[in-house]
Amino acid sequence: LRLETDLRRALEREELRLLYQPLVSLHSGRIEGFEALLRWRHPERGDVPPLEFIPIAEETGLILPIGRWVIEQCCAQVARWSRDPGNARLTMAINLSPVQFAQPDLAEHLASTLNGCGVAPSRIRLELTEGVLLEDEEAAIRVLHQLREIGVGLCMDDFGTGYSSLGYLHRFPLDILKVDRSFVSRMDRDPRSGQLVHAIINMSHILGVRVVAEGVETSEQLEALREMGCDHVQGFLIAEPMGADRAEQLIAEGR
Ligand code: G
Ligand code: G
Ligand code: NA
Ligand code: MN
């Protein structure tokens, strides 16, 4: 309860910030974009893990103002990077919770924020978990099409956990699928996990969906994923989530 009260004030007290973790293209070897990851530094407790405060934010509805702030920060960040024409293609992946997805004004807020920052919608990619899709499939498909009409990319996050089925790829208008890091970490020990990831990549490609492997921690995983034709990788092997300044440095070095 205490944490809830504190979280309520975290936005106005500027205790929230975003870190950015790069995604690297296995085709070009270059940074393709970043995923924005929310952090909360509590004045007494220090860093509170997202796995602790995001569920509270979702239960209390605080995820709505926080989520809007995240979207606004991300669009502003993309606009700042884009002042350098060399960065004109960098993407920003934003995590959306099912509560945000259920808001009727989500598409409108996104569109007006993009417009206000002068950022092309194709630079933003929304990461959704299957929780978004399970409750009311028809409603979910309607919203996905609405978002797609704006022109933002759509990504299925944490694929391979829960009920994730390849049927999702067929029924939902997705651009990208993110193979969950639990799969990637099992690849080293268990050949069948590797074969499964390979099959997911092949099926995704048949359906015109690109694949990101997340949680890549070893060069063996990276090489195996490259051979399987995986499109993008993300994980500690490449870089941990970092502040915007460091991200900007990294982009500059990569060119
Ligand atoms: O950064 P970390 O890997 O600890 O994130 C843990 C979880 O918090 C992940 O499931 C991630 O998707 C979620 N998360 C991180 N940032 C955001 C955010 O801005 N909004 C939402 N809804 N979830 C986030
Ligand atoms: O659920 P989601 O995929 O959004 O979670 C992203 C979380 O994964 C972030 O909290 C991020 O810090 C974490 N993460 C990113 N790369 C790695 C990695 O290589 N290994 C592990 N264990 N966690 C990672
Ligand atoms: Na994510
Ligand atoms: Mn994920």
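This is a predicted model: local features need pLDDT of at least 70, side-chain atom pairs count only at pLDDT 80 or more; totals for chains, interfaces and linings use all residues.
1. A polar atom of the Ser25 side chain lies 3.1 Å from the backbone nitrogen of Ser28. Ser25 belongs to strand E1, which covers residues 16-25. Ser25 counts as buried because its relative accessible area is 8%, under the 20% cut-off.

2. Next, the ligand site. Ligand 1 takes up the space of the largest pocket. E2 supplies the largest share, three residues.

3. Which residues are around ligand 1? They are Leu37, Leu38, Arg39, Pro50, Ile54, Ile63, Val70, Asn95, Ser97 and Gln100. Sorted by class, this shell holds six nonpolar, three polar and one charged residues.

4. A nitrogen atom of ligand 1 lies 3.0 Å from a backbone N or O atom of Leu38. The side chain of Arg39 has an N or O atom 2.6 Å from an oxygen atom of ligand 1. For Asn95, a side-chain N or O atom is 3.2 Å from an oxygen atom of ligand 1.

5. How much of the accessible area of ligand 1 does the protein cover? On its own, ligand 1 has 510 Å² of accessible area. The protein covers 77% of that area.

Technical notes: Residues are numbered from 1 along each chain as its sequence is written. Chains are lettered from A and ligands numbered from 1 in the order in which they are written. Side-chain values use heavy atoms; hydrogens and water are left out. A residue is near a molecule or strand if one of its heavy atoms lies within 4 Å of it. A polar contact is a pair of N or O atoms within 3.5 Å; within protein, one must be able to donate a hydrogen and the other to accept it, and residues adjacent in sequence count only if both atoms are side-chain atoms. Accessible areas come from the Shrake-Rupley method with a 1.4 Å probe; for residues, only the protein chains shown count as cover. On a 1 Å grid over the protein atoms alone, a cavity is a set of points where a 1.4 Å probe fits but cannot get out, and a pocket is an open set with protein on both sides within 12 Å along at least five of seven lines; lining residues have an atom within 4 Å of a point. A molecule sits in a cavity or pocket if more than half of its atoms lie within 2 Å of its grid points. Helices (H or I, at least four residues) and strands (E, at least two) are DSSP runs, numbered from the N terminus. Ala, Val, Leu, Ile, Met, Phe, Trp, Tyr, Cys and Pro count as nonpolar, Asp, Glu, Lys and Arg as charged, and the others, Gly among them, as polar. Buried means under 20% relative accessible area, exposed over 50%, partly exposed in between (1.4 Å probe, protein chains only).
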